[in-house]
Amino acid sequence: MSNIKEQESGVIGKLRNRLKGVDLRQNAIFLALLTLIAYFAVTTPNHASLTPDNWSNLVVQNGYILVLAIGMVMIIIAGHIDLSVGSVAAFIGAVSGILAVRPLEQNGWDWLPASPWFVAILGAIIIGALVGMWQGFWVAYVGIPAFIVTLAGMLLFRGLALMTLQNSNIGPFPDAFRAIGNGFVDKENTLGKDFGIESHNLVALIITAVGILALLWSSFATRRGRIKYSQSVEPRTWFFVKNALLAVMIGFVGNKLSQSSGIPWTLVLLIFLIVIYTVIMKQTTFGRHIYAIGGNLHAAVLSGINVRRVNFWLFVNMGMLSALSGILITARMNSAVPKAGDGFELDAISSVFIGGASVQGGVGTVTGSIVGGMIQGVLGNGMNLNSVGIDFQMTIKGLVLLFAVAFDVWSKRRTK
Amino acid sequence: MTENILEMKNITKTFPGVNALTDVTLKVKRGEIHAICGENGAGKSTLMKVLSGVYPHGTYDGDIVFENEVLNLKNIRDSEHLGIVIIHQELALSPYLSIAENIFLNNEIKSRGLIDWNKTGLEAQKLLAKVGLSEDPNTPVNKIGVGKQQLVEIAKALSKRVKLLILDEPTAALNDADSAHLLDLLRQFKSQGMTCIIISHKLNEIAAIADQTTIIRDGFVIETLDMHADKVDQERIIKGMVGREMNNRYPAREPKIGDEVFRIENWMVHHPDDHERVVVDQANLNVKAGEIVGLAGIMGAGRTELARSVFGHSWGAKISGSVFVNGKEVNVKTVRRAIDAGIAYSTEDRKRFGLNLLDDIKRNISIASLEDFTKRGLVNANEEFKVGSEYRESMNIKAPSANSIVGKLSGGNQQKVVLSQWINVDPEILILDEPTRGIDVGAKYEIYTIIQELASRGKAVLVISSELPELLGICDRIYAIAEGVITGEVARKDFSPELLMQYMTTVKEVSNV
């Protein structure tokens, strides 16, 4: 005895029918990001937020937070938290300084020769993994809540960073090392010049085109797969509109970047990580075990999941991503400093929750957290261009976090 | 003053897409015990939520008349203020607070703004006496059993000057003795003039205690039966609930029993918090291929503890003894190893231990056998959907698709998801702990059919249940367990409730050391 609603007539009715089955909540933060970009495009002096250089800045200034957000969302889905990531990033930044730069003689590191950039990066990431093993050991095998372990870690690794650097900075770094945080793919546009194109970075345009094609290909492949197994899919109109919109957006950003210095290496790294970790979370047993543990720990244990092992590797993974974040910030600043990464943990955690993760665990996505991080980044960038004071910036960022989660809670309750 | 204390008139409640209640009219006489029966999802809980103000006035159509006044409830406080108190199936007690604190939670006895603990203790004692519970009111409620916790809930209701007491599945988690005590208590309240509404799946209890029974099906009231009239018995209620006569509550079957599949020898388990306390004592049992074996015992006898200790040592400490599957001794030290050895265990508490309620049907089914869906390191979500859909069809899981969220399903359907999960592991032996707890008659019949089908496919099945008639109905052999000791083994031809009950209540002799 379902009550059949009267067929709606008119254009709006037709549109509504076309869009039936679209999950508005999932798309809401995406729309919020677009709205913010549009808002700052209009309000910033001389549309400063739309300049190619600003887009380039936006990417490299937020890369290190987004890298952390990827690891953080996994930790939060499993029902934990990590407060130590900022300190770990500082510590690893210091370590990479010791490894990559001929160290300061008065600090007692003079016996160690400076290594090539890739050895320094690899070494720093290995130390990050060891840091993760340390924290993972206490969380997974001793059973101490992650909040406590990482609160201790926050102090511990900040202390180690200070000890390593002995209250001074290490720098400057070799160019190859700096490129990961500050460099661009074919910055001189040598390829473009070969073809007589001066105004746009040709490699950037090619990468953008490849990116768009890859995205469309994967969307269509997924949709075809679901249809083959007669699963429900998004309405056709919405599917086309959404993908067209995404393609236009990527094209827009890519075009902007090509008018600046090209695609930053940070962005290449970031896209690589987003793809890899989305696959890990959605399509590997490890990822599925993380969701299962966060959704119902007891049921996960009784389903034969080795919860300790999953928790341990989660923190190892977070340690490595923190290391990567530390390398990015050090490369960008061209100096390892004791204060690096201060407050990063809060930005990363906010990104994850703005991106729709649940405090109780079990819910969240990598892409959501990235969009959440972008919202914060665009907000900060736009307010800077509008010369908004730091006092207002903090207040507004705090309210954004609160309202984003409140909206999430409200819309969940409404669909119940 | 009319003789009806409560009239719910033409109540209609709609949720997006479904009519949960359609034109429901319920009349409850003053001083009677009124039972409400219906399959899961029939609308019983929704009706009670309307009555207690969980769904406030205005969110439904129709009127509630209580003591000749049309109610305009905004929340639960309003209904409690009028003396309508509901006790939910999942008890709402705060585990670390004492009995007295729980009874007067949000209703504290104060003098000049501060809590008067002396008076609180005294009043609590009086209320506990009324419900027949002799416990110190300062005991934390997590130190007393579920049966006693239920009595604390009732004492809490009494403290609110209850006129209409609503009990949702009050005996679902209780053993027979505790259930009997609770029913006696309700009779006693009735003689004192209190009105009760009781929702229960245990039809024998309803037949024993109710004055009238209202049957709800698919959101409609089917009929209200006068339980004192002739020819109104359990079969009559079942007929109303399922819309057909169910002559046989247990499907018929010809067992084909083969070789021994599962055996445990000298199984000893100690309590994880108290390593001196023996919970399972030198247990020996076996199950053959195609055989359904029951494990009967009152609550706390060590049934679940036995099963979970065998299943990957997931409960208990200092575990010793041997487990054999197909004649070979197997290592069951972790859940993964137990599963790999061919053992599956479906829990008694599907919400706490069985399911990820946030996730969908297909992924809950695949989680214990995820390797089967994984190729070159990647899980094939479409294959999961396909397998999930097959189970949805074959197990008759009522949901729009295998992508539906498990948390939104009814108890019976959730249970089918749990069973699907373990069937998909393709085990040799399935240990089913309370497979029909809290689910309705129709779904129970389906679960029994599934269990029998598994046996006919040559699986060994061990069923743990608090409901003796259920075990007598479906098992080929039953072990009885009491205080951790297996006290008896009865073959089908010798089945009698009396004999089993005798084994189940065999008490260890107290030795004087």
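## Confidence

What is the mean pLDDT of chain A, and what percentage of its residues reach 70 or more? The mean is 90, and 91% of the residues of chain A reach 70 or more. This is a predicted model.

Helix α14 (residues 307–333) of chain A scores highest, with a mean of 97. Helix α1 (residues 10–18) of chain A scores lowest, with a mean of 66. Residues 1–8 of chain A stay under 50. For that stretch, the model has 7 contacts beyond four places in sequence. Where pLDDT is low, the predicted coordinates should not be read in detail.

## Domains of chain A

Chain A is divided into two parts. Domain 1 covers 32–39 + 48–183 + 264–411, and domain 2 covers 185–263. Taken over C-alpha atoms, the centres of domain 1 and domain 2 of chain A are 26 Å apart. Each domain puts 9 residues into the contact between them.

On the domain 1 side of chain A, two or more residues each come from α3 (52–77) and α11 (265–283) of chain A. Helix α3(A) gives the most to this side, with 4 residues. By class, the domain 1 side that touches domain 2 of chain A has 6 nonpolar, 2 polar and 1 charged residues.

## Where chain A meets chain B

How many residues does the contact take from chain A and from chain B? Chain A supplies 24 residues, and chain B supplies 30 residues. On the chain A side, α9 (202–228), α12 (285–295) and α13 (297–302) of chain A each supply at least two residues. The largest share of that side, 5 residues, comes from α12(A).

The side of chain A that touches chain B has 14 polar, 8 nonpolar and 2 charged residues.

## A sheet in chain B

Chain B has an open sheet of 4 strands. The order is β14-β13-β16-β17 (chain B), and the pairing is antiparallel. Strands of a sheet pair through backbone hydrogen bonds. Why do β14 (278–288) and β17 (328–330) of chain B each have one side without a neighbour in the sheet? Both strands stand at the edges with a single partner strand, so one side of each is left without a neighbour. On average, neighbouring strands of this sheet are turned by 15° against each other, direction ignored.

In β17(B), E329(B) is the bridge partner of F324(B).

Note on methods
Residues are numbered from 1 along each chain as its sequence is written. Chains are lettered from A and ligands numbered from 1 in the order in which they are written. This is a predicted model: local features need pLDDT of at least 70, side-chain atom pairs count only at pLDDT 80 or more; totals for chains, interfaces and linings use all residues. Two residues are in contact if their C-beta atoms, placed from the backbone, lie within 7 Å. Ala, Val, Leu, Ile, Met, Phe, Trp, Tyr, Cys and Pro count as nonpolar, Asp, Glu, Lys and Arg as charged, and the others, Gly among them, as polar. Two strands pair if DSSP finds at least two bridges between them. Axes are lines fitted to C-alpha atoms, for helices over the stretch in contact, and angles run from 0 to 180 degrees between N-to-C directions. Domain bounds come from an automatic or database domain assignment. pLDDT is the predictor's confidence in each residue, from 0 to 100.
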